[in-house]
Amino acid sequence: MNPIFRNILAVIAGLVIGSAVNMFFISLNGRVITLPEGADVSTMEGLAESMWLFEPKHFIFPFLAHAMGTLVGAYFAARIAANRKMLFAMVIGVAFLAGGIINVINLPAPGWFSTLDLLLAYIPMGWLGGKLGSKVSKK
C-alpha cells in the first residue's frame, strides 16, 4: 500500500477509533456513577447549566474518556502508519487536545479538572500510545 495513503488512513483510523472509545467511556458516566439530581446532560447547554452540581467523582469518566480515547487512537495511528509512527500518534494527541481546549472553553468545569485534563489526558497519552503502537509493529 502506498505509504502516503497508509499514513492518511492511520490518522483517520486513529481519530475514528479514539472518538469511539471516548464516547464509550462518556456513555458509562451516568451508569457507573449516578449523576446528580436535576442534572441534564442530554445537551451541551444542559450540561453547562448542570456543571455546578457535579462532585469530583463525576469527573472520573470524562477524564478516562479523554485519556483512553487519545491513547487508543494514538496506538492505532502508530500501528497503521507506514513510517514516522510517533509523529502520527502525536497528531492524534494534538487533535484530541484541540477538542479538549474547545470543551474547556465551552463547559464551565472546575479549574482543577480542566488543568488535569489538558495536561495529562492528551499529549502524554498520545506519546504513550505512540510508544506502545511503535513497539508492537516492529518485527
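Lys85 is buried but forms no salt bridge. Asp117 carries the nearest side chain of opposite charge, and it is 27 Å away. The model is predicted. Lys85 is found in helix 4, which covers residues 85-106.

Helix 4 has 22 residues and, at 1.5 Å a residue, should span 32 Å. Its end C-alpha atoms are 32 Å apart, which agrees. Besides Lys85, the buried residues of helix 4 are Phe88, Ala89, Ile92, Gly93, Phe96, Leu97 and Gly100.

Helix 1 was examined in the same way. This helix runs over residues 3-32, and its 30 residues should span 44 Å at 1.5 Å a residue. The end C-alpha atoms of helix 1 are 42 Å apart, in agreement with that value. At the start of helix 1, a side-chain oxygen of Asn2 comes to within 2.8 Å of the backbone nitrogen of Ile4. The buried residues of helix 1 include three asparagines, Asn7, Asn22 and Asn29. Also buried there are Ala10, Val11, Ala13, Gly14, Gly18, Val21 and Phe25. The buried residues of helix 1 pack against helix 3 and helix 4.

Asn22, in helix 1, was considered individually. Its relative accessibility is 13%, so Asn22 counts as buried. Leaving aside residues up to four places away in sequence, Asn22 touches Ala65, His66, Gly69 and Phe96.

Helix 5 spans residues 111-120, with Phe113, Ser114 and Asp117 buried. These residues cover an arc of only 100° around the axis, which means they lie on the same side of helix 5. An α-helix has 3.6 residues a turn, so residues three or four places apart point the same way. The cover over the buried residues of helix 5 includes helix 3 (60-80) and helix 4. Asp117, one of the buried residues of helix 5, is also the residue named above as the nearest opposite charge to Lys85.

Glu37 lies between helix 1 and helix 2 (44-50). Its relative accessibility is 78%, so Glu37 counts as exposed. The C-alpha atoms of Glu37 and Leu53 are separated by 8.1 Å, with the two residues 16 residues apart along the chain.

How values were computed
Residues are numbered from 1 along each chain as its sequence is written. This is a predicted model: local features need pLDDT of at least 70, side-chain atom pairs count only at pLDDT 80 or more; totals for chains, interfaces and linings use all residues. Side-chain values use heavy atoms; hydrogens and water are left out. Helices (H or I, at least four residues) and strands (E, at least two) are DSSP runs, numbered from the N terminus. Buried means under 20% relative accessible area, exposed over 50%, partly exposed in between (1.4 Å probe, protein chains only). Lys and Arg count as positive and Asp and Glu as negative; His and the chain ends are not counted. A salt bridge is a side-chain nitrogen of Lys or Arg within 4 Å of a carboxyl oxygen of Asp or Glu. The arc is that of the directions from the helix axis to the C-beta atoms. Contact means heavy atoms within 4.5 Å. The expected span of a helix is 1.5 Å times one less than its number of residues. A polar contact is a pair of N or O atoms within 3.5 Å; within protein, one must be able to donate a hydrogen and the other to accept it, and residues adjacent in sequence count only if both atoms are side-chain atoms.
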